[in-house]
Amino acid sequence: MRTQTAQAEPDMSTNEEKINLLGLSLPKMQAFFAELGEKPFRASQTLKWIHQRGVVEIDDMTDISKALREKMKAVAEIKLPLITQELRSSDGSCKWIVQVASGSSVEMVYIPEAGRGTLCVSSQAGCSLDCSFCATGKQGFNSNLTVAEVIGQLWWANQKLAGFGVKPAAEWDESGARVAQNPRPISNIVMMGMGEPLLNFDNVMDALSLMMEDQAYGLSKRRVTISTSGVVPAIDRLKDFTDASLAISLHAPNDELRSQIVPINKKYPIKELLRASSDYMSTLGERRVAVIEYTLIAGVNDHRQHARELAELLKNFPCKINLIPFNPFSLSDYKRPSNSSISNFRQILHEAGYTVTVRTTRADDIGAACGQLVGEVGDNTRRSQRYADAAAQRITVQ
Ligand code: SAH
Ligand code: SF4
């Protein structure tokens, strides 16, 4: 695992606000103990207490001397985000509402499948990018989550699921690759909750390093996925910070259509996005391929011609394609395509030689399917109000 650290060292110069040990990656935890004049092994010891044993009181770290615990307590604490609501779906999925320091709430979702448990993690309260089919985007933007707020979602989900008696997901996957050093209910992470992870780059990189760190969650790099709508300069920086898997939210086979539904495409068009993604994937080697996500919206991007164009566009880009039938939400007039158009679209790509999956909708009885995550965002922009007014008056937002 690459361990370059994305942010400045922890600031121990003031006691006004204590350092939250929950959000320190291994290198930062080592820097923390160096400041206290302690040996680096204290860092892995502390990571294990917090992330593997679930300890939240420094005093409970019983193999650390009382004197050192006192020193730690003077400048640091372990502070978790607050879980304010828990919803359990009839299909075994769970959704939790997590309150973050900015006062907003975000959502995280657990999806159990045979041999694996996936946690869909949020990176921002709201999202500034406003893709036309996304409920999160309609809420505007409030704040970036801190490292502790991102990794705290995984911490909580593991605790909660263990409490429900959910068994650890398989320790080894089909190919014999290790899934987790310390098997727990969650074997896979997708950064597909609320927000654009690459617009909260430093915090997300540190959280990813904890997910994959053996002293913390020890998840396999193949099972931790960053999903992005295409922040090209950030994709170009990725290789220096992580070797996690990459999913690209493409949703259209040409710039004209993509710019209409994924506005960031006007800034970073498809050609640049595929170039940056392909550069990143080539640094990973080991025959790893990117996932192309394509939300199918009736009458917008689901025509047979779109499938043919997509097959042509991606012919030199090693990838798998994941089709996501649009999940409806109240502020959108878009519709999910019929099963036959979904299957036609899939067939065209399949015949062109692609591995194609269609994401089955999970947990929509608790509003936790892709693109339905909303939390409660204290919008800094005026976007959420504009959309609400537009829906009320049934007019089109410009
Ligand atoms: N901002 C990142 C990650 C969060 S969105 C990104 O855009 O990739 C996670 C995935 O859900 C994306 O592929 C997104 O396009 C998809 N999605 C958003 N709204 C959706 C909806 N209403 N129905 C189905 N998929 C949706
Ligand atoms: Fe943001 Fe992703 Fe939703 Fe687009 S799809 S608005 S990038 S969260």
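In this predicted model, helix H1 passes helix H2 in a right-handed crossing. The axes of H1 (residues 26-35) and H2 (residues 41-52) come within 8 Å and cross at roughly 120°, which makes H1 oblique to H2. On the H1 side, the contact is built from Leu26, Met29, Gln30 and Phe33, and these meet Arg42, Ala43, Ser44, Thr46, Leu47 and Ile50 of H2. Sorted by class, the residues of this contact comprise six nonpolar, three polar and one charged.

Spanning residues 201-212, H6 has twelve residues and reaches 17 Å from its first C-alpha to its last, close to the 16 Å expected at 1.5 Å a residue. Eleven of those twelve residues are buried, so H6 is largely enclosed by the rest of the structure. The buried set consists of Phe201, Asn203, Val204, Met205, Asp206, Ala207, Leu208, Ser209, Leu210, Met211 and Met212. As for what surrounds them, the buried residues of H6 pack against both H1 and H2, along with helix H5 (147-164), helix H7 (232-238), strand S9 (188-191) and strand S10 (224-228).

Seven nonpolar residues, one polar and one charged make up the contact of H5 with H6.

Notes. Residues are numbered from 1 along each chain as its sequence is written. Chains are lettered from A and ligands numbered from 1 in the order in which they are written. This is a predicted model: local features need pLDDT of at least 70, side-chain atom pairs count only at pLDDT 80 or more; totals for chains, interfaces and linings use all residues. Side-chain values use heavy atoms; hydrogens and water are left out. Axes are lines fitted to C-alpha atoms, for helices over the stretch in contact, and angles run from 0 to 180 degrees between N-to-C directions. Helices (H or I, at least four residues) and strands (E, at least two) are DSSP runs, numbered from the N terminus. Angles under 35 degrees count as roughly parallel, over 145 as roughly antiparallel, 65 to 115 as roughly perpendicular and the rest as oblique. A crossing is left-handed if the near helix is turned anticlockwise from the far one by less than a right angle, and right-handed if clockwise. Contact means heavy atoms within 4.5 Å. Ala, Val, Leu, Ile, Met, Phe, Trp, Tyr, Cys and Pro count as nonpolar, Asp, Glu, Lys and Arg as charged, and the others, Gly among them, as polar. The expected span of a helix is 1.5 Å times one less than its number of residues. Buried means under 20% relative accessible area, exposed over 50%, partly exposed in between (1.4 Å probe, protein chains only).
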